[in-house]
Amino acid sequence: MRLKGKVAIVTGSARGLGKAMALKMAAEGAKVVVCDLNYEGCVAVKEEIEQNGGKALAVRCDVTSREEVAALVAQTMDNFSQIDILVNNAGITRDAQIIKMTDQQWDEVINTNLKSMFICIQEVIKVMIPRNYGRIVNITSIAALEGNFGQTNYAAAKAGIIGLTKTLSKELGRKGITVNAVAPGFMDTEMTKTIPAHIQEQLLARIPLRRAGQPEEAAEAVVFLASDAASYITGQTLSVNGGLYV
Ligand SMILES: NC(=O)c1ccc[n+]([C@@H]2O[C@H](COP(=O)([O-])OP(=O)(O)OC[C@H]3O[C@@H](n4cnc5c(N)ncnc54)[C@H](O)[C@@H]3O)[C@@H](O)[C@H]2O)c1
């Protein structure tokens with residue numbers, strides 16, 4: 001078990017990639033805080049973890065709210081007394097070409113996908129720094145690396161995450177905290193089901209491995225970066241994209 005005795009918070013873990021990360025981290029021995037806007041989804045994931053013999057806590061939390069994130073940290077400490085791992089996974093898309101993109105579409109994506117990381121990391125390091133230990137994994141995207149038509153807001157937020165990750169690796173390294181990013185490509189989740197079928201076909205044809213990634217394959221990269229096997233890795237972005245962008 002690679003995460004035995006650790007406590008992990010995974011944001012946006014009621015479904016999709018976050019759910020796969022929560023399940024895999026619990027299977028590796030971590031106590032997992034499953035948090036999302038969708039509380040019922042969190043409870044379902046918590047129950048699945050417990051049925052598999054793991055430990056979990058379900059918390060409804062909007063990661064754009066400092067008050068709610070502070071409450072999430074407090075609730076985690078009350079239940080599990082420590083926080084070793086933070087996975088910043090919650091994210092949304094609000095796609096439109098730049099000429100039609102509204103201020104609201106821009107702001108929602110920047111706040112949910114980027115500002116949330118500033119808030120979550122600031123709140124969680126308050127308990128990581130005194131223990132001189134932490135593993136932070138931020139979920140970015142292939143869109144940060146190669147751009148994506150109709151996703152100015154999303155690609156900007158995801159590219160911002162890479163800059164944030166590199167910078168925090170420099171600031172937090174001497175506190176025993178590593179900060180890395182995982183950049184999934186085209187993964188099989190609810191988020192990508194909204195992509196029109198003909199675009200999905202074009203994408204699949206460009207992927208050297210000729211298939212979408214499974215959520216568990218992104219989760220595996222997160223577990224690695226959160227584990228002691230990655231103790232000398234910080235400031236990096238690990239792509240999980242089947243070779244779509246190299
Ligand atoms: N699916 C892909 O192909 C893909 C590719 C690259 C990157 N990503 C990134 O991976 C992450 C997960 O993607 P997914 O496909 O599982 O998406 P998803 O839409 O299936 O799940 C995202 C979860 O985040 C939650 N969430 C949204 N806003 C939130 C908020 N303010 N506070 C708390 N929770 C919130 C949602 O309720 C949802 O449960 C995202 O950051 C996404 O940008 C996904």
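Colleague: What percentage of the 246 residues of the chain count as buried?

Modeller: Burial here is a neighbour count: a residue is buried if 20 or more other C-beta atoms, placed from the backbone, lie within 10 Å of its own, exposed if 12 or fewer, and partly exposed in between. By that count, 46% of the 246 residues of the chain are buried. The model is a predicted one, in which local features need pLDDT of at least 70 and side-chain atom pairs count only at pLDDT 80 or more, while totals for chains, interfaces and linings use all residues. Residue numbers start from 1 along each chain as its sequence is written.

Colleague: Which radius of gyration does the chain have, and which would a compact globule have?

Modeller: The radius is taken over C-alpha atoms, and the globule rule is 2.2 Å times the number of residues to the power 0.38. For 246 residues the rule gives a value near 18 Å, and the chain, at 17 Å, agrees with it. Along the principal axes, the C-alpha atoms fill a box of roughly 50 × 35 × 35 Å.

Colleague: What share of the contacts in the chain with a separation of 6 or more comes from residues 24 or more positions apart?

Modeller: A contact means that two C-beta atoms, placed from the backbone, lie within 7 Å. Among contacts with a separation of 6 or more, 71% join residues 24 or more positions apart.

Colleague: At what angle do the axes of α1 and α9 cross?

Modeller: Axes are lines fitted to C-alpha atoms, for helices over the stretch in contact, and angles run from 0 to 180 degrees between N-to-C directions. The axes of α1 (residues 16–27) and α9 (residues 215–226) cross at roughly 55° and come within 8 Å. Under 35 degrees counts as roughly parallel, over 145 as roughly antiparallel, 65 to 115 as roughly perpendicular and the rest as oblique. α1 and α9 are therefore oblique to each other. Residues making the contact include L17, M21 and M25 of α1, with A218, V222 and V223 among those of α9. By class, the contact holds 9 nonpolar, 1 polar and 3 charged residues. Here Ala, Val, Leu, Ile, Met, Phe, Trp, Tyr, Cys and Pro count as nonpolar, Asp, Glu, Lys and Arg as charged, and the others, Gly among them, as polar.

Colleague: Is the crossing of α4 and α6 left-handed or right-handed?

Modeller: A crossing is left-handed if the near helix is turned anticlockwise from the far one by less than a right angle, and right-handed if clockwise. The crossing of α4 and α6 is right-handed. Their axes come within 8 Å and cross at roughly 15°, which makes α4 roughly parallel to α6. Among the residues that meet are W106, I110, N113 and M117 in α4 and Y154, G160, I161 and L164 in α6. This contact divides into 13 nonpolar, 4 polar and 1 charged.

Colleague: Where is G160 found?

Modeller: G160 belongs to α6 (residues 152–172). Its 18 C-beta neighbours inside 10 Å make G160 partly exposed. G160 and N113 are 47 residues apart in sequence, with their C-alpha atoms 9.3 Å apart.

Colleague: What is T152 in contact with, leaving aside its neighbours within four places in sequence?

Modeller: With those neighbours set aside, T152 contacts I98 and M101. T152 also lies in α6, and is partly exposed, with 19 other C-beta atoms within 10 Å.

Colleague: How close do the axes of α3 and α4 come?

Modeller: The axes of α3 (residues 66–80) and α4 (residues 103–128) come within 9 Å and cross at roughly 30°. That makes the two helices roughly parallel. V69, V73 and M77 of α3 are among the residues in contact, as are I119, V124 and V127 of α4. The division is 8 nonpolar, no polar and 2 charged.

Definitions and conventions. Helices (H or I, at least four residues) and strands (E, at least two) are DSSP runs, numbered from the N terminus.
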